[in-house]
Amino acid sequence: MFEVAIGLGVILVLVILLLLFRVQSLLNVARGSDKKIESTSNKVNGALLLLFMIVSIIAFFWYSIAEFDNYTLPNASEHGVLTDRMFWVTTAITGVVFILANAALFYFAFRYQYKDSGKALFYPDNHKLEIAWTVIPAIVLTLLVGYGLKVWTQITNEPPEESEVVEVMGYQFAWKVRYPGKDGMLGGYDYRLIDPVNEFGVDFSDKASFDDFVPREIHVPKGKPVLLKIRARDVLHSVYLPHFRVKMDAVPGMPTRFWFIPTKSTEEMRQETGNPDFNYELACTEICGRGHFSMRLIMVVDEPEDYEKWYNSQEPWLTQNPTYLSKVPEKLQELAAVTTGINSKN
Amino acid sequence: MDQHIAETTGYHDAEWHAHGHHKESFVTKYIFSQDHKTIAKQFLITGIFWAFIGGILSSIFRLQLGYPDMSLEWLRPLLGGWITDAGKLDPEFYLALVTMHGTIMVFFVLTAGLSGTFANFLIPLQIGARDMASGFLNMLSYWFFFASSVVMLCSFFLKTGPAAGGWVVYPPLSALPQALQGSQGGMTLWLIAMALFIVSSLLGGINYITTIINLRTRGMTFARLPLTIWALFLTAVIGVLSFPVLFSAALLLIFDRSFGTSFYLSDIYIGGEALSNQGGSAILFQHLFWFLGHPEVYIVMLPGLGITSEIISTNSRKPIFGYRAMIGSLLGIAVLSFIVWAHHMFVTGMNPFLGSIFMILTLIIAVPSAVKVFNYLATMWKGNIRFTPGMLFSIGLVSFFISGGLTGIFLGNAAIDIPLHDTYFVVAHFHLVMASASFFGMLAGVYHWFPKMFGRMMDEKLGYIHFWLTFIGVYLVFFPMHYIGIAGFPRRYYSWTTFDVFNSFTDLNTFVTVAALITMVAQFLFLFNFFYSIFRGRVAPPNPWQSNTLEWTTPLHPGHGNWPGAIPTVYRWPYDYSKPGAEEDYIPQHIPYSQTMESNLPHENDLIALEKEEEDIVIDESSESH
């Protein structure tokens, strides 16, 4: 019953609006105001354009300043300082153009609105002006490109030799990480060796794999270069560490990488943000299916000594999954047993 | 040279009477019509249909983003099983919604609906031709589009839903049915629909190019073409060169999906098994896709820029500033659009050196774009501006083009792109510069040329209300997304609550949703105005905007062949507004200089001697087959 009443009400309102519309348009015809060009509508629209500009520029500055801390993420990596700085330099330059160009647009619209007595200026071109506003943007953009190239090359350069290596693998719908262990070398892998337990498809005929370990979270040391070796198992994913300004796609069949230097430990960031529960998070930014929005992995940045302690306390994956010792070739069994601390004869 | 072409391939005025003999049935007149004006209207109305579908899809996913806790049980009659038992939107259907919203808006509305409508409608009318070079191909172009639409629409009714891997359909997600429900039947239909769409687009594009090159009337040199035609011409050229590449990308994807090839697939373990595909490259698809995908942005954008050039000049009562620079920048954009595609791929693992190259090329394209904006501003400066709804939407376009274009300078810069890539900053950027700007171009065009299409005026007041609600609405929807993007929120996320870092801005997201819903509702004003005015609008005067271009010299309801008598000869460029000395503030293109002695510039007086020659050119219309 209630729904019917609402329905009737809506119909009634629509009918009234329709009638008003009809009356209005007939009145216009009767008055002949539809033929007038310097009309009230023209003035109202001109004024509204100016008003729109003023209100929105105020709103833009107000929100940008008032909410600054909410929409800017604290930065926790060395190259992040560079990208952030470049972002703000670009914001400053484009911001000026944004305000001036929009202001000119709306102001001209208001200032030069139609007048019966007025006449537009016949002004088809001005080559000097045109050259100026071609060359000036070109110069500014060249500077921005040069600046950008420098930063981009720096970020994408070869990772330093001493980088801590972490393998990050994306799959539907989570991340897995693997560390090279004490030998500092990640064991080889082959996607055909993947099974529900050996999720990385680690190849145990490679002796570098014996001490690899697979923790639940990523740990990285503060102040040291970290090299993420990124891959995907099923579809595209993308490693995204918002606080570190790190983003790189994970592609099945094509390993990618990204290296960076964390500058603030988790603990330091907890103090900076005033949030005792703060954690760095790794998210996915390439659409990968149903659970795309929930591919969360916590990343912990430790002080270097804590990191060492954590690293050394980790148990090799093979130790946790001794059945996979059988995959180790005969002649390496001995070594595997020593590395993992399991007596393979048992 | 141009004259020569017109001479040998144009029409013969004397043959005009032959066109009167057609007996047209309802079917040949309104359905399988070969008349460019009817085909234009078919494209327009289909485009409007799709625009509403696309808009409603976005309203549904905005509800999810703005009101994550709201029960959507009331949508069950419409969405059925896509509403979970808990009354929530299914996460996978959310992805289907964003995917189909993108596909529909980019291809069906802003490519077919925009180019299809205005290229078909304006090219013959503004260059002075009886019709398109091939009316039959033109008809096929619409009907392929129609078939494509039907197939795409059908995919909504599959049990597994429509394609859901994003409008860019990156494999392996789109190639593996086990990765995503939408990659089952939905993706197959998506690919079929797109293949049909590409056929339609190519048939149309070839026709537009041929017509513009060959069928211009006497005196209509390239240097006298209205900028709308220049824009539509270059749009068609871009489309003809880039759509085949998308076709090949789609074809290879079809092979990978159905015939076991490995163009895009390698080293995949999914659903508990290792697939046998090896050696393919997922990145290859992205290169092929964006080789179309980036030019596509300009396919969408250029017609809007052309339309607004025309409308801003007409309603400022001023010549477009820097006509040649406008053409030059269109050409520059068209050429550069082909060599910037990989700026969508800075963080895909592509070689960083390639990233550097594409960054340089990308930022170069900002120069011609900037020139266009400055020229619009200079056109309005010291004008005598009439705020018709078309003009208001054009001003809106320029504002969006400025605001959205500038953020392109961030994203085109590889280093800044690292944090911003695939965040809401990108969503804000392209919705302003590409989507909303072209939408406004389309609406401006509809308001401006409605009188020529239907012989009646749309209601101006409703147009104003529509403009203000939409204009403010668009800014309120997309401007806040910049902040959300700078804060790092990724695109295509069903919900934010999983992450602490993204678990903020709930108020702002609600605000955006409310703005989006109001903007959506405002579009019904347009829908009403449009259809009401077709039947009941005020009868239009012959040249309601006092414009210079040729279409306004046709009768109120131009018949098949457009001009009942001879096609007018063109003597001047289309932007002689407010010329000093002239009595009126406009001098249409078909008025010879010999009749405007009082306003001619010195070099124009020299052209009078040539006018006689031009008029004497006999163009042969008998080669035209009807």
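A:R290 and B:D90 form a salt bridge in which the closest N and O atoms are 3.0 Å apart; the term denotes a side-chain nitrogen of Lys or Arg within 4 Å of a carboxyl oxygen of Asp or Glu. The structure is a predicted model, in which local features need pLDDT of at least 70, side-chain atom pairs count only at pLDDT 80 or more, and totals for chains, interfaces and linings use all residues. Residues are numbered from 1 along each chain as its sequence is written, chains are lettered from A in the order in which they are written, and side-chain values use heavy atoms, with hydrogens and water left out.

**Interface of chain A and chain B**

- Across this interface the rule finds three salt bridges.
- Helix α16 (residues 460-486) of chain B supplies ten residues, the largest share of the side of chain B that touches chain A; helices here are DSSP runs (H or I, at least four residues), strands likewise (E, at least two), numbered from the N terminus.
- That side of chain B comprises 79 nonpolar, 26 polar and 17 charged residues, where Ala, Val, Leu, Ile, Met, Phe, Trp, Tyr, Cys and Pro count as nonpolar, Asp, Glu, Lys and Arg as charged, and the others, Gly among them, as polar.
- Chain B contributes 122 residues to the contact and chain A contributes 104 residues, contact meaning heavy atoms within 4.5 Å.
- About 10000 Å² is buried between chain B and chain A, with carbon and sulfur atoms giving 70%; buried area is the accessible area (1.4 Å probe) that two parts lose on being put together, summed over both.
- Between the chains, 35 residue pairs are in polar contact, both residues at pLDDT 80 or more. A polar contact is a pair of N or O atoms within 3.5 Å; within protein, one must be able to donate a hydrogen and the other to accept it, and residues adjacent in sequence count only if both atoms are side-chain atoms.

**Salt bridges within the chains**

- Over all chains, the structure holds 23 salt bridges.
- A:D212 pairs with A:R178 in a salt bridge, with 2.8 Å between the closest N and O atoms. This pair links distant parts of the chain, 34 residues apart: A:D212 lies in the loop between β2 (174-178) and β3 (218-221) of chain A, and A:R178 lies in strand β2.
- A:D212 counts as buried because its relative accessibility is 2%, buried meaning under 20% relative accessible area, exposed over 50%, and partly exposed in between (1.4 Å probe, protein chains only). A:R178 is likewise buried, at 1%.
- A:R178 and A:D212 belong to a network of salt bridges that also links A:E167 and A:R231.
- In chain B, B:R76 forms a salt bridge with B:E73, the closest N and O atoms lying 2.5 Å apart. B:R76 is partly exposed at 27% relative accessible area, and B:E73 is partly exposed at 33%.

**Nonpolar cores**

- The largest nonpolar core has 287 residues, of which A:I218, A:L228, B:L89, B:F107 and B:F530 touch the most other members. A nonpolar core is a set of buried Ala, Val, Leu, Ile, Met, Phe, Trp, Tyr and Cys residues joined through side-chain atoms within 4.5 Å.
- Helix α5 (residues 91-127) of chain B gives the most to this core, namely 23 residues.
- A second, separate core of 14 residues includes A:V202, A:F210, A:W317 and A:L332.
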